[in-house]
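Have a look at the model first, then read on.

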Amino acid sequence: MTHSESSAEVLQDGYDGFLIDPRDSREMGKKIAFLLEDKELRRVFVDRAYKKVMEKYSWSSIAQEMLELYKKLEEQQ
């Protein structure tokens, strides 16, 4: 994934993917080739990314965060 503020919020470089400067096509090619050769790392990245998405961005997680926000707002009144 190319590096930006929003992608850095979702992805952790080297943990569940790679963050690459979008202007550095050489580095992007290297990382793609590296992942094509390393099936285990691809699986690890997918597993970690899926777990993170389900924990942070699933509907139930978002609903829980909204409920907590409403409770805090109610307490302030």
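At roughly what angle do the axes of α3 and helix α4 cross, and within what distance do they come? The axes of α3 and α4 (residues 59–76) come within 5 Å and cross at roughly 35°; axes here are lines fitted to C-alpha atoms, for helices over the stretch in contact, with angles running from 0 to 180 degrees between N-to-C directions.

Some ground rules before going further. This is a predicted model, where local features need pLDDT of at least 70 and side-chain atom pairs count only at pLDDT 80 or more, while totals for chains, interfaces and linings use all residues. Residues are numbered from 1 along each chain as its sequence is written, and side-chain values use heavy atoms, leaving out hydrogens and water.

**Where α3 meets α4**

On the α3 side, Met 54, Glu 55, Lys 56 and Tyr 57 meet Trp 59, Ser 61, Ile 62 and Glu 65 of α4 (contact means heavy atoms within 4.5 Å). The residues of this contact split into four nonpolar, one polar and three charged. Ser 58 sits in the loop between the two helices and, at 12% relative accessibility, counts as buried (buried is under 20% relative accessible area, exposed over 50%, partly exposed in between, with a 1.4 Å probe and protein chains only).

**α3 itself**

Helix α3 covers residues 39–57, and its 19 residues reach 26 Å from first C-alpha to last, close to the 27 Å expected at 1.5 Å a residue. Its buried residues are Leu 41, Val 44, Phe 45 and Lys 52. They lie on the same side of α3 because they cover an arc of only 100° around the axis, the arc being that of the directions from the helix axis to the C-beta atoms. The face turned away from that buried side carries the exposed Lys 39, Val 46, Tyr 50 and Lys 51.

**A buried charged pair**

Lys 52, with 16% relative accessibility, counts as buried. Not counting residues up to four places away in sequence, Asp 16 touches residues including Phe 45, Arg 48 and Ala 49.

The polar contacts (pairs of N or O atoms within 3.5 Å, one able to donate a hydrogen and the other to accept it, with residues adjacent in sequence counting only if both atoms are side-chain atoms) look like this:

| From | To | Distance |
|---|---|---|
| Asp 16 side chain | Lys 52 side chain | 2.6 Å |
| Asp 16 side chain | Gln 12 backbone nitrogen | 2.7 Å |
| Ser 58 side chain | Ser 60 side chain | 3.2 Å |

Methods
Helix = DSSP H or I, 4+ residues; strand = E, 2+ residues; numbered from the N terminus. Expected span 1.5 Å × (residues − 1). Nonpolar A, V, L, I, M, F, W, Y, C, P; charged D, E, K, R; others polar.
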